[in-house]
Amino acid sequence: LLGFCQLAEGNMRHGPMQRRGTFSRLLTLALLLHCSQGGKRKAKKGADYYAILGIPDDADSAAIKKAYRTKSLEYHPDKCAINKDECQTKFIEVSTAYEVLNDAEKRKIYDRDGEEGLKEGHQSNEQAKAMFRQFFGREPDGNVRIVQQGGQMMFMEEGEPGPKEDIYGDTNVTELTDDVYKSYIHDRDEPWFVMFYKPNDDDSVEVKPEFSKFSDTFRDFLKIAAVNCRQQRSTCSSASIDTFPALRWFTEDKTAAPEVFEGSISAKTLGKWASDKMPNFATAVEDKHQLRKWLDDVKGRAILLFTDKSSTPPMWKALSREFNGRASLGVVPRCDKNGVFKTPLQREYDVRIPQVVRLDPLQEVGQIAEKFDFQMKKDTLSLWIMKVIAQGKKEGPQATFKEWSKQRYEAGDCGPKDSQFCFLWLKAGADAQTEEATRQLAQKYRTDPIKLMWVNVELSPSLLEAFALESADASDFFVAYRPKRSRFKVHTGPLRFTELDAFVDGVLNGGPLEGRLNVGKIEL
């Protein structure tokens, strides 16, 4: 075809037209007309979407998408090197071109009739909103129109009708702005319960009294906040909030996705749901056996709540999280406020309900080391627990006298690799005097690197064989044991404090351990 064009052009320059026939002249003119158009598509009025994306007319879908990604990134406000308004215009042009050329039907109309073939304002409101979100990185205020201003295309937010001011400013709910939200929620180290709302949304306004009432109850032991999505659109968009009101529970793990509250919003339902979600580090104890096991395992001060509630109250959960690792909090549930149908531990301690007490693990069940006699408020309780912890640090290490259980043995207490001295009371039954003597020993030697423990040989009879006591006449024994060396020595004489104290002191000062363990492994 190029050769024919050149030939026709040469004929026009060098050969007189009158020398040729009519048909020859018409053919030459037709060729010249085609060549002057360059074989291109018919020119369209309006924007050239192919040129905007920098692609040929026959570009396929993959090429269109690739060009759009490149161009939209080039004109995004975070990357664009020209002024903001021009960036916005270019971004709208690129997005509009992609929207048309990536749609087969719109592209067909455009190729035939150009931009005019697409009705003015062909972008739907949702499409305009999508462009706005991509360019600004936030939700628009109401509907969005694309308008011409000074020869440039610009986004125009129409604004939603109705109020836009915060509605929780006069309550105990914390209103979060975009910046504060990032600090409090994205970098959180404790749970947050957040209400996302719009002040021009009837449902959002309707639930305000119930959410405020819930906040009044839980404000002292739970972080409660609200986000006005008319003002803080970026936050609501990033949180994927599209219906209102919306409630989200953010755990103390800042990497975890929020949990969604679904159901009717009332102070009661919110309170129950939030209470179930709150982390709980308190141990429930309901009888002497559970109490003894808890006291043997406590780390730090042992603080116990007696309550008429059937589960751990929210305030106690909050305190258990606050002092986790510094004090051990327990709870005795379902106590009778009237004192008629007392629980077993309520009878043992004879306390009013509710009541908070500190227990000494070495004391007998029923004895209270200290009572909390102030108003049951979280801040007051928190200060009291801090004081109790400080007193404990001042007094030094806490004396312990624990059961030598299978779990403790497997955890390393007096296990094969334990290099400390273990002083074991092998008991066959209850003996109040021996128990008191061993508790006095625990108190006296609390700063020494030794372990004082007890074990019931009726439940673990193989221990008698291990320590060569299976033929002994006595029922209870006190044994000094060095696990790592498999050596031991059995105390002879009365199991009273004076005699036991002398025995412990002698062993710690180098007294020989004559016996060798008779078994390869202790069985408890």
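The residues that line the largest pocket divide into 13 charged, eight nonpolar and five polar. In this count Asp, Glu, Lys and Arg are charged, Ala, Val, Leu, Ile, Met, Phe, Trp, Tyr, Cys and Pro are nonpolar, and the others, Gly among them, are polar. Please keep in mind that this is a predicted model, where local features need pLDDT of at least 70, side-chain atom pairs count only at pLDDT 80 or more, and totals for chains, interfaces and linings use all residues. Residues are numbered from 1 along each chain as its sequence is written, and side-chain values use heavy atoms, with hydrogens and water left out.

## Pocket and cavity

The largest pocket holds about 640 Å³ of space. Its lining has 26 residues, and those nearest the centre are His-289, Arg-292, Asp-296, Glu-403 and Trp-454. Helix 13 gives the largest share of this lining, with six residues. At least two lining residues each come from helix 13, helix 17 (406-411), strand 14 (421-427), helix 18 (432-444) and strand 15 (450-456). Helices (H or I, at least four residues) and strands (E, at least two) are DSSP runs, numbered from the N terminus.

There is also one cavity of 30 Å³ or more, and the largest cavity holds about 30 Å³. Around it stand Leu-295, Tyr-349, Leu-359, Asp-360, Gln-363, Glu-364, Val-365 and Gln-367. This lining divides into four nonpolar, two polar and two charged residues.

How are the two kinds of space told apart? On a 1 Å grid over the protein atoms alone, a cavity is a set of points where a 1.4 Å probe fits but cannot get out, while a pocket is an open set with protein on both sides within 12 Å along at least five of seven lines; a lining residue has an atom within 4 Å of a point. Grid points are joined across faces, edges and corners, and a volume is the space filled by probe spheres set on the points.

## Salt bridges

How many salt bridges does a search of the whole structure find? The search finds 20, each being a side-chain nitrogen of Lys or Arg within 4 Å of a carboxyl oxygen of Asp or Glu. Three of them are set out here.

| Salt bridge | N to O distance |
|---|---|
| Glu-286 and Arg-334 | 2.7 Å |
| Glu-395 and Arg-301 | 3.1 Å |
| Glu-370 and Lys-387 | 2.8 Å |

The side chains of Glu-286 and Arg-334 meet in a salt bridge. This pair links distant parts of the chain, 48 residues apart: Glu-286 sits in the loop between strand 8 (283-284) and helix 13 (288-297), and Arg-334 in the loop between strand 10 (327-332) and helix 15 (344-349). Glu-286 is partly exposed at 36% relative accessibility, and Arg-334 is partly exposed at 42%. Here buried means under 20% relative accessible area, exposed means over 50%, and partly exposed lies in between (1.4 Å probe, protein chains only).

Glu-395 forms a salt bridge with Arg-301. Because Glu-395 lies in helix 16 (residues 378-395) and Arg-301 in strand 9 (residues 301-306), the pair ties together parts that are 94 residues apart in sequence.

Glu-370 forms a salt bridge with Lys-387. Glu-370 belongs to strand 12 (residues 370-372) and Lys-387 to helix 16, so this pair joins parts that are 17 residues apart in sequence. Glu-370 is buried at 16% relative accessibility, while Lys-387 is partly exposed at 35%.

An open sheet of six strands runs in the order 13-15-14-16-17-18, with mixed pairing. Strand 13 (402-403) and strand 18 (515-516) are at the edges with a single partner strand each, so one side of each has no neighbour in the sheet. Two strands pair if DSSP finds at least two bridges between them. Strand 14 and strand 15 are parallel, with seven bridges, and Lys-427 stands opposite Asn-456 in strand 15.

Strand 16 (residues 477-482) has six of its six residues buried. Phe-477, Val-479 and Tyr-481 point one way, and Phe-478, Ala-480 and Arg-482 the other way. Strand 16 runs antiparallel to strand 14 over five bridges, and Phe-478 is the bridge partner of Trp-425.
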